[in-house]
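Please look over the sequence and the structure shown below before reading on.

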Amino acid sequence: MTEPSRIYLSREDIAGLVERLASEIGGNYRDRSLTLIGVLRGGFVFLADLVRQLQAPVRRVDFVRVESYGAKMVSTGRPQIVQGISRESIAGQDVLIVEDIVDTGATTAAVLRYLRRHGPASLGLCTLLDKPSRRQVDVSVDYVGMTIPDHFVVGYGLDFDERYRDLPDIWVIDPERED
Ligand code: PRP
């Protein structure tokens, strides 16, 4: 059975990261009106917390849904946008993508490519967690909550085979051993 084994970031740790990110973003977008684009499904909890802390005008919240992992612990590397946005929602707007984690970068690259086609005035990227050691596609992240080593993490929106998204803390799942 693949189970979370230990808490990696407590809910208090996460709240601290969210507060700092909201303050950084708020400072940079103070005089602009932000469109937030959450990346489903994993990003929904982080976005919900972030949007309530932001000290910047939020014009719109929208979502894209991307699929790539399935019931595996590694990405297939071929993310598909399975639910997009309407053109009007971001054309000419200051847009910030809100991700839970950037791992290989493939999902983020696909979302950036997709959103650029809709003509935003600016396009930024915020992620709660960043795993640069796993990067395969070069993406530039504007706001990072925390850089982490190559742990498989679940909770706070992050899943393993659709489970554990509901956990309020972020846990580590250690790889199964073949003894
Ligand atoms: C996770 C996570 C990111 C993506 C990052 O999503 O939410 O969107 O992986 O991985 P990458 O940088 O290697 O592309 P997942 O594909 O598991 O779908 P989910 O959001 O529905 O959980």
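This is a predicted model: local features need pLDDT of at least 70, side-chain atom pairs count only at pLDDT 80 or more; totals for chains, interfaces and linings use all residues.

Residues are numbered from 1 along each chain as its sequence is written, and side-chain values use heavy atoms, with hydrogens and water left out.

**Strands and helices**

Helices (H or I, at least four residues) and strands (E, at least two) are DSSP runs, numbered from the N terminus. Buried means under 20% relative accessible area, exposed means over 50%, and partly exposed lies in between (1.4 Å probe, protein chains only).

Seven of the nine residues of β6 are buried, so this strand is largely enclosed by the rest of the structure. β5 and β6 run parallel and are joined by eight bridges; two strands count as paired if DSSP finds at least two bridges between them. Between β5 and β6 the chain passes through helix α3 (residues 106-116), and this β-α-β crossover is right-handed. That term applies if, with the strands pointing away from the viewer, the path from the first strand over the helix to the second runs clockwise.

On its other pairing, β6 is parallel to strand β7 (residues 143-147), with four bridges. Cysteine 126 of β6 stands opposite valine 98, and cysteine 126 also stands opposite tyrosine 143 in β7.

Helix α2 (residues 44-53) has Val45, Phe46, Leu47 and Leu50 buried. The buried residues of α2 pack against α1 (11-28), β2 (34-40), β3 (58-67), β5 (94-102) and β6 (122-130), where contact means heavy atoms within 4.5 Å.

**Ligand shell**

There are 16 residues around the ligand, and Glu99, Asp100, Thr104, Gly105 and Thr107 come nearest. A residue is near a molecule or strand if one of its heavy atoms lies within 4 Å of it. β5 and α3 each supply at least two residues of this shell, and β5 gives the most, with four residues.

| Residue | Part of residue | Distance to a ligand oxygen |
|---|---|---|
| Threonine 104 | side chain | 2.5 Å |
| Glycine 105 | backbone | 2.8 Å |
| Arginine 165 | side chain | 3.0 Å |

On its own the ligand has 500 Å² of accessible area, and the protein covers 94% of it. Accessible areas come from the Shrake-Rupley method with a 1.4 Å probe; for residues, only the protein chains shown count as cover.

**Loops and backbone**

Histidine 118 sits in the loop between α3 and β6. With a relative accessible area of 11%, histidine 118 is buried. A polar atom of the histidine 118 side chain lies 3.0 Å from the backbone oxygen of tyrosine 114.

Arginine 41 is in the loop between β2 and α2. The peptide bond from leucine 40 to arginine 41 is cis, with omega near 5°.

Aspartate 161 has a positive phi, near 50°, without being a glycine, and glutamate 162, not a glycine either, has a positive phi of about 75°. Aspartate 161 is partly exposed at 41% relative accessibility; glutamate 162 is partly exposed with a relative accessible area of 42%.

Conventions: A polar contact is a pair of N or O atoms within 3.5 Å; within protein, one must be able to donate a hydrogen and the other to accept it, and residues adjacent in sequence count only if both atoms are side-chain atoms.
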